[in-house]
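Here are my notes for your first look at this one. Have the structure open while you read.

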Amino acid sequence: MGTQDFQFYDTTLRDGTQQEGLVLSVDDKLAVARCLDRLGVGFVEGGWPGAVPKDTEFFRRAATELSLANAVLVAFGATRRPGTSASADPQVRALLTAGTEVVTLVAKSHPRHVELALRTTLAENLAAIGSTVRHLVHAGRRVFLDAEHFFDGHRANRDYALEVVRTAAEAGAETVVLCDTNGGSLPDEVGEVVADTLRSTGVPLGIHCHDDCGCAVANTMAAVASGARHVQGTVHGYGERCGNANLLTLAANLILKCGVPALPPGRLDDLAAVGRAVAEITGRSPAAGAPYVGRSAFTHKGGLHASALRVDSHLYQHIDPADVGNAMRTLVSDMGGRSSVLLKARELGYDVATAPEAVARLATKVKELEHRGHSFESADASFELLLREELSANHGVPSVDVLLRRVETRADCGNLPRSSASVRLRVNGVQAEGDGSGDSPVDALDRAVHQALDPCFPRLQRLRLAEYQVRLPAGGSGGRATARVLASFTDGRARLNTVGVDGDTDAAFFHALLDAVRYVLTPVGRPGGEVRASRQESAAAAH
């Protein structure tokens, strides 16, 4: 099957925007369309011109501002209203005014919806479908028809649901898309209904699934297995209620598992990057465990897994992460052991194959520190400092002695809390002190350290706190409540993550901050000649 025989269709800009809290401007919609085109999606549904003013403006601007190399832009709308003609219906006219090559019409295929929602007869609904499709085809448009509530309709009145499909095809619809609009169907039923409809009508069929039973992707795959050759979905499964079938998951499944050319050759390795780009535009990040593109999709924590992965990465991974533009990650924790340390060291660019004693010591140290409240899963920089220490590679890692740390919080004149901090540090024998103030002790400490060290170490001027998380208690030894702070910093090119643990949040953050200072001031060279900057830059590109 060639790409011309399979239609991969995105409806993020229309159906996806019905998700609660997801609001896109016209500029946002144009940007998402460019991302989808970069991925190689065949059809991008831009919205409903004439019904939604923002969508009308989108199509007007797209005519001059949107240059698509791969995707075909699609306008979405409904069949004519009962009792009028297609040529006189203002929303049908708006579909033509949008100027797209393809138009997708939505039509009812469930008798109860026809009679209660449209308030018309079954015969008039069929007439509206036929006349609207013919009108658009006569005007030079390719037409897809979304048969709404098809699976419920097929269950209630099979003959009528099939007649909707035949009517649209006889009027000139290129593909009829069977919609599981309420998301209540299961894969076995979807496969059987698609097969029955194809066998009974011979019409090219598509599939559009919602995820209310958690089966949208599985239902779509079942439809393809039964003969559907047009697939609709949204990026990250955006959509109303529980969302739509996830277009990114479908692309990888179809190409890697089924050999179906959903995207042009060579585009799948852009999948994760496009997913991140769209999430950045929408402000709605995918779950860390999202299939294929999630940050945790190829992340391993257990020691048994890590041991096997050292032998063959495919033993606990169903594909090569690079196939979809993602990467394998190893989490170092008390659940792991020497294998986890080996894999993580290799991921960070260290060759530790000839240092088994150092690896064993570090694995033991990690377990001890995690028992006392540390967590290195998301603190690669802190872990790397420990690694260098055990490898006796910590030459050049600055020693940081804390001579003074004082933090006070008082109410200002507006009765709002205001914190001040003073620090005195000795870094590689150089003594410096600084003061800082802020809305919280964390802000004050951060500013005080920068005031003390930036004049002596200009590289630190680029170090900025991005975010931090506090966990209380983290379970310290002897039952003593311990604060754990996971801090994320940026140095202008990439993020570096550290962890600090102490009896209170201020002190724990201070430890995490000093780890970041030591990390930035450590020379970039490492055993084997690797350079940290290259690893940071690649990490920035991946995440």
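1. First, a term. A pocket is found on a 1 Å grid over the protein atoms alone: it is an open set of points with protein on both sides within 12 Å along at least five of seven lines, and its lining residues have an atom within 4 Å of a point. Its volume is the space filled by probe spheres set on the points, which are joined across faces, edges and corners.

2. Keep in mind that this is a predicted model, where local features need pLDDT of at least 70, side-chain atom pairs count only at pLDDT 80 or more, and totals for chains, interfaces and linings use all residues. Residues are numbered from 1 along each chain as its sequence is written, and side-chain values use heavy atoms, leaving out hydrogens and water.

3. Now the second largest pocket: its volume is about 490 Å³. Its lining has 27 residues, with Trp 48, Ala 78, Val 106, Lys 108 and Glu 148 nearest the centre. Strands E3 (72–78), E4 (102–108) and E5 (142–148) and helix H5 (122–138) each give at least two residues to that lining. By type, the lining splits into 9 nonpolar, 8 polar and 10 charged residues.

4. Next, have a look at strand E2 (residues 43–47). 5 of its 5 residues are buried, so the strand is largely enclosed by the rest of the structure. Buried means under 20% relative accessible area (1.4 Å probe, protein chains only). E2 pairs with strand E1 (residues 7–10) in the parallel sense over 2 bridges, and Val 44 in E2 is the bridge partner of Asp 10.

5. Zooming out, 53% of the 543 residues count as buried.

Definitions and conventions
Buried < 20%, exposed > 50% of the residue type's maximum accessible area, 1.4 Å probe, protein only. 1 Å grid on protein atoms, 1.4 Å probe; cavity = no way out; pocket = protein on both sides within 12 Å on 5 of 7 lines; lining within 4 Å. Helix = DSSP H or I, 4+ residues; strand = E, 2+ residues; numbered from the N terminus. Nonpolar A, V, L, I, M, F, W, Y, C, P; charged D, E, K, R; others polar. Pairing = 2+ DSSP bridges.
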